[in-house]
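Thanks for coming, everyone; please bring the structure up on your screens, and I will talk us through the chain as a whole before turning to one residue.

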Amino acid sequence: AEYYNQRGVAYFRNEDYYRASSDFYRAVEILPNYHRPFHNMAFSKYQLRDYRLALADVEEAIKIDPAYVGSHNLKGLILNELGKQEEARTSFEQAMRMDDKDPDFPYNIGFTYYEERNYEKALE
């Protein structure tokens, strides 16, 4: 499973998201309770703009390992693309509670307000 996951990461870094997804899927077949391939599959689908399938994969990753902060952030990004800013903020806030040092999380929260044209909240 780790081999396929890592090869998938290499394909992902080369922006070959279809091959990456294929390897992540294979890793999940081998080890279905391994959160990283689910997260990585979700990220690949996010890059391909397949947001609904990406959301299902990231939710599975969170179910397997709720302590992995990257999946909460990714879920927020996906929800934001689906026009669900309030739910996206909830995911970003969860990520920020888990890691208050990462500047991406407050930025992402502000961006959801910006998308809603709530500029005062975005500035906060």
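The accessible surface of the chain is about 7500 Å², and carbon and sulfur atoms hold 47% of it, where areas come from the Shrake-Rupley method with a 1.4 Å probe and, for residues, only the protein chains shown count as cover. Please keep in mind that this is a predicted model, in which local features need pLDDT of at least 70, side-chain atom pairs count only at pLDDT 80 or more, and totals for chains, interfaces and linings use all residues. Residues are numbered from 1 along each chain as its sequence is written, and side-chain values use heavy atoms, with hydrogens and water left out.

In secondary structure, the chain has 8 helices and 0 strands, these being DSSP runs numbered from the N terminus (H or I of at least four residues for helices, E of at least two for strands). Of its 124 residues, 40% count as buried, meaning under 20% relative accessible area with a 1.4 Å probe, protein chains only.

Let me now turn to Asn-108, which sits in helix H7, spanning residues 104–115. Is Asn-108 buried or exposed? Asn-108 counts as buried because its relative accessibility is 10%. Leaving aside residues up to four places away in sequence, Asn-108 touches Asn-73, Leu-77 and Phe-92, a contact being heavy atoms within 4.5 Å. As for Leu-79, which lies 29 residues from Asn-108 along the chain, the C-alpha atoms of the two are separated by 11 Å.

Terms used: Buried means under 20% relative accessible area, exposed over 50%, partly exposed in between (1.4 Å probe, protein chains only).
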